[in-house]
Amino acid sequence: MNITIMGSIALAVFAMIFLYVRGENFKRQARQLSSSLDGASRETKYLSEIVIELAKEEQKLLRERFIKVQRLGSPKVELLRFSGLLVEASESVISDSALGHKSVQQAFKHYVANYTPVAFEEFNSFILQQDTQIRQLWTKNNIHSYLDLCKACIEDLERAS
């Protein structure tokens, strides 16, 4: 019985050492993964800032084009109205969606609800009545498509003038 007890103690000590070593390996691996995650988070933030800057530059160009079209006037009054809304909201939409807080449509809906007298449903029903390209750009729900939607609306207005 003495040998059995000694064998059990030795087995228990071996199991404890084994579990300790495994735990340390898991701890080291967790630190490495945490470090990698922190690096990826910093890179994502940096890339988001770049996207915001590039989108803001494009937004400035779109605003200038829209102002020209607005001065000339357009027979497409509703398109002019909603294109202005898209361009006006673009800076807020770009910031909110690039930082990952909201989707483009959620950011636009938030902007419309809080800063304009226009109802989001009115805008959405207008978009659904437009041609396929405009509807598709709206449904893609990303920054690039949003800017392309602004461009498409402005180009439509330029053609109508």
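**View 1. A nonpolar patch on the surface is formed by I5, M6, I9, V13, I17, Y20 and V21.** Together these residues have about 690 Å² of accessible area, a value from the Shrake-Rupley method with a 1.4 Å probe, where for residues only the protein chains shown count as cover. Patch members have over 30% relative accessible area and no salt bridge, and nonpolar side chains (Val, Leu, Ile, Met, Phe, Trp, Tyr) are joined within 5 Å; a salt bridge is a side-chain nitrogen of Lys or Arg within 4 Å of a carboxyl oxygen of Asp or Glu. M6 is found in helix 1 (residues 2-72), and counts as exposed at 55% relative accessibility. Here, exposed means over 50% relative accessible area, buried under 20%, and partly exposed in between (1.4 Å probe, protein chains only). Helices are DSSP runs (H or I, at least four residues), numbered from the N terminus.

A word on the model behind these views: it is predicted, so local features need pLDDT of at least 70 and side-chain atom pairs count only at pLDDT 80 or more, while totals for chains, interfaces and linings use all residues. Residues are numbered from 1 along each chain as its sequence is written, and side-chain values use heavy atoms, with hydrogens and water left out.

**View 2. Helix 4 (residues 120-128) has F120, F123, F126 and I127 as its buried residues.** They sit on the same side of helix 4, because they cover an arc of only 125 degrees around the axis, taken from the directions from the helix axis to the C-beta atoms. The face turned away from this buried side carries the exposed residues E121 and L128. Helix 2 (77-98), helix 3 (104-115) and helix 5 (132-140) are among what covers the buried residues of helix 4.

**View 3. S83 lies in helix 2 and is buried, at 2% relative accessibility.** Leaving aside neighbours within four places in sequence, S83 is in contact (heavy atoms within 4.5 Å) with F66, C153 and L157.

**View 4. The whole structure has zero disulfides.** A disulfide is a pair of cysteine sulfur atoms within 2.5 Å. For C150, the nearest cysteine sulfur is that of C153, 7.0 Å away. C150 is buried at 1% relative accessibility, and C153 is buried with a relative accessible area of 2%.

**View 5. N141 has a positive phi of about 60 degrees although it is not a glycine.** Most residues other than glycine have a negative phi. N141 lies in the loop between helix 5 and helix 6 (143-160), and is partly exposed, with a relative accessible area of 27%.

How values were computed:
Helix = DSSP H or I, 4+ residues; strand = E, 2+ residues; numbered from the N terminus. Patch = residues over 30% accessible without salt bridge, like charges linked within 9 Å, V, L, I, M, F, W, Y side chains within 5 Å.
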